[in-house]
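Take a look at the model below.

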Amino acid sequence: MSSWIDIPSNSDFSLENIPFGIYSKNNGLRAATRIGNTIVDLDVLHKAGLFSGISLPEEAFSQSVLNDFISLGKLVTNATRARIQELFSTENSQLQGNEQLVIDALWKLDEVQMHLPVRVGDYTDFYSSKEHATNVGTLFRDPANALFPNWSHLPVGYHGRSSSIVVSGTPVHRPKGQTKADDADVPSFGPCRLLDFELEMAFIVGKSNDLGSSVSVEKAEDHIFGMVVFNDWSARDIQKWEYVPLGPFLGKNFASSISPWIITMEALEPFRTASPTQDPKVLPYLEMKKDHNFDINLEAIIETSNGDSKTVSNSNFKYMYWSMAQQLAHHTVNGCNMQVGDMCGSGTLSGPAPDSYGSMLEISWKGTKPVSMPDGTERKFLQDGDSVIMKAFCEKDGNRIGFGEVRSKILPAI
Ligand code: MN
């Protein structure tokens, strides 16, 4: 597909992509898509009649979040994507030939601000990379029994907090809290010392299920609108002291950062791939009859305050042992109702090799293997002034679909 819009050859935002996001310029929040480095205001196109024939309410794109648009269902959202692809393809002159409309609807990337794309009602975080779970179990418990017995039988998860999910570009303050050193008798209070990132992706629920009903593995992807890159910050020292027996709490809920563009499952379809072999065999409600995994390259970068940067991880979404379809089937098997806009984190996506580990906890092996930075300093965990940048993209046969990035700077504790 070629476009009359300039799309750099290595762009994440090819005409095949057509993600959805929320932007502002100076006139409120509105829905947009991105093609190359051009932001397209969908409200302006809609009000000019360019989506005629698609059952879109008048105000479909003039909302501050995409929840209502997503709720219209895949028939409508896919038709919208297809129409955008048509309008921006080289041979189509409907928009290209309307100079005033082009001026009104198109912005350069650096002219706009991006916002959270959805109102996240509930957020669940899984723990679905076997390599990550094995590394953490090895570091904190017993290398011989790194995985708990339940891990290979169900996608382990916990309920996180949605109010502190923030969009790329939002700075994150180092959290304060209670910690206890191994050799101390009593805990102390202060800024977290072991601040970490978690390289994850998250999916956005696109179709609700009623309380008491379940979503099968086969139907699960109909209930997933799309995906974002997800940095699930962790205060390791706070987490270590507080987590027994009820699990993650203040060490996790101070912030979770997402990339601004939701990449649809339809755009990701060409990159579908097999999951790792599941042994032992899963219970029937978790069985997969086709491939439900996706080949998505991931990168985590630390940028120091002087602007130097270093890639600390190159991983891939395909290392997920439990697929999103299995996660959603498991999440609803008890009748739990998921709602449009709910978000599920994959869990830290570590690969088999140390350069593909998805957290500083693993990369620095609990602080025993510091990472050298280009400015001569070392990192065991993150420092104030560091920025963490995570990127994700798929590439196959010259077709590239990417997520852009989630970028966040760490500010000192308040
Ligand atoms: Mn996580």
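**From the whole fold to its parts**

The protein has ten helices and 26 strands. Helices (H or I, at least four residues) and strands (E, at least two) are DSSP runs, numbered from the N terminus. This is a predicted model: local features need pLDDT of at least 70, side-chain atom pairs count only at pLDDT 80 or more, and totals for chains, interfaces and linings use all residues. Residues are numbered from 1 along each chain as its sequence is written, and side-chain values use heavy atoms, with hydrogens and water left out.

Start with the overall shape. The C-alpha atoms fill a box of roughly 70 × 55 × 35 Å, taken along the principal axes. A compact globule of 414 residues would have a radius of gyration near 22 Å, and the protein agrees, with 22 Å. That radius is taken over C-alpha atoms, and the globule rule is 2.2 Å times the number of residues to the power 0.38. Of the 414 residues, 53% are buried. Buried means under 20% relative accessible area, exposed over 50%, and partly exposed in between (1.4 Å probe, protein chains only).

D125 counts as buried, at 3% relative accessibility. E200 is buried too, with a relative accessible area of 0%.

Next, turn to helix α3. Its buried residues include V76, T80, I84 and L87. The buried residues of α3 pack against β2 (29-35), α1 (42-47), α2 (67-71), β14 (224-231), β17 (263-264) and α8 (265-268).

Finish with the strands. Two strands pair if DSSP finds at least two bridges between them. Strand β20 (residues 297-303) runs antiparallel to strand β25 (residues 387-396), joined by seven bridges. Here I302 stands opposite V388 in β25. Ten bridges then join β25 to the antiparallel strand β26 (residues 399-411). F393 stands opposite G402 in β26. The hairpin of β25 and β26 has two residues between the strands, and D397 takes a positive phi near 50° there.

Note on methods
Contact means heavy atoms within 4.5 Å.
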